[in-house]
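Trainee: I'd like to learn how to read helix packing in a model like this one. Could you walk me through it?

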Amino acid sequence: MAASKDGKSKSASTSPSSSIKEVKPNLHQQSHETQRYGEIIKLPNGLSEKVCKQSVALLNQCLADTITLRDMYKKHHWQVVGPTFNQLHLMYDQHYEGQVLLVDIVAERIQLLGGVALAMAPDIAETTQIARPPRGREPAAVQLRRLAEAHEQIIISARDAAEQVDKSGDAGSNDVFVSNVLRTNELQVWFLTEHLVAASPVTA
Ligand SMILES: [Fe+2]
């Protein structure tokens with residue numbers, strides 16, 4: 001530690017008020033955006049910027065639809081009513097958890113490709129292709145129908161996106177669309193629609 005003329009170390013001569021400034025939180029920080037939505041930061045992953053941009057756009061659409069479906073599961077988990085209440089209440093939450101995992105996988109795939117993942121509710125609402133359900137309560141059969149339709153929309157888009165990213169050479173995104181998005185949604189559709197058979201007490 002360097003000593004000053006009077007023999008005291010530099011740190012010892014620092015006034016208490018200037019030391020406090022170093023540890024006091026600055027709660028008024030502001031900045032411009034450091035990466036705009038839609039821009040790609042090129043990372044050393046062997047993929048061109050053009051390929052990453054195309055994959056990121058497809059993944060962001062999938063992300064917006066998946067977040068919407070995730071939230072629709074929670075809505076229906078809370079609002080379900082009828083003789084199958086307990087069964088549906090629990091199944092909706094299991095499926096919600098599956099969609100939560102998907103959201104993180106898709107969002108992090110976007111970031112690792114150098115893109116920016118959508119996140120906030122207004123941006124999701126503007127981007128999703130899934131129809132908005134009413135705020136109020138609906139019968140369980142209608143909940144199931146709505147969920148099945150949303151799943152099918154995501155499944156169709158995921159198959160198409162998987163083909164596109166495969167053609168462009170982005171094998172990692174192809175894996176996410178097939179192994180994660182497609183497989184999870186196909187499985188959840190099966191569990192949902194088995195509640196809609198003729199013998200089921202779930203009818204609108
Ligand atoms: Fe709950």
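This is a predicted model: local features need pLDDT of at least 70, side-chain atom pairs count only at pLDDT 80 or more; totals for chains, interfaces and linings use all residues.

Trainee: Which residues of helix 6 and helix 7 meet?

Mentor: On the helix 6 side they include L144, L147, H151, I154, A158 and V165. Among their counterparts in helix 7 are S173, F177, V181, L182, Q188 and L192. Sorted by class, the residues of this contact divide into 15 nonpolar, six polar and three charged.

Trainee: Let me try another pair. At what angle do the axes of helix 3 and helix 6 cross?

Mentor: Helix 3 (residues 49-79) and helix 6 (residues 140-167) have axes that cross at roughly 165 degrees and come within 10 Å. The two helices are therefore roughly antiparallel to each other, and helix 3 passes helix 6 in a left-handed crossing. From helix 3 the contact includes L58, C62, D65, L69 and H76, and from helix 6 it includes R146, L147, A150, I154, S157 and V165. By class, the contact has ten nonpolar, nine polar and two charged residues.

Trainee: And what about helix 4 and helix 7, how far apart are their axes?

Mentor: The axes of helix 4 (residues 85-112) and helix 7 (residues 171-193) are 11 Å apart, with a packing angle of about 170 degrees. That makes helix 4 roughly antiparallel to helix 7. M91, H95, G98, L102, I105, V106 and R109 of helix 4 meet S173, V176, N180, V181, T184, Q188 and F191 of helix 7. The classes here are seven nonpolar, six polar and one charged.

Trainee: Which residues does the UniProt domain annotation cover?

Mentor: An unreviewed UniProt entry annotates residues 57-197 as "domain: Ferritin/DPS". In the model that span is 77% helix and 0% strand, and its end C-alpha atoms lie 37 Å apart.

Trainee: Finally, what is the mean pLDDT of the chain?

Mentor: The mean is 92, and 91% of the residues reach 70 or more. Residues 1-12 have pLDDT below 50, and this stretch has nine contacts in the model beyond near neighbours in sequence.

How values were computed. Residues are numbered from 1 along each chain as its sequence is written. Axes are lines fitted to C-alpha atoms, for helices over the stretch in contact, and angles run from 0 to 180 degrees between N-to-C directions. Helices (H or I, at least four residues) and strands (E, at least two) are DSSP runs, numbered from the N terminus. Angles under 35 degrees count as roughly parallel, over 145 as roughly antiparallel, 65 to 115 as roughly perpendicular and the rest as oblique. A crossing is left-handed if the near helix is turned anticlockwise from the far one by less than a right angle, and right-handed if clockwise. Two residues are in contact if their C-beta atoms, placed from the backbone, lie within 7 Å. Ala, Val, Leu, Ile, Met, Phe, Trp, Tyr, Cys and Pro count as nonpolar, Asp, Glu, Lys and Arg as charged, and the others, Gly among them, as polar. UniProt positions are given in the numbering used here, feature names are shortened, and annotations may be inferred rather than shown by experiment. pLDDT is the predictor's confidence in each residue, from 0 to 100.
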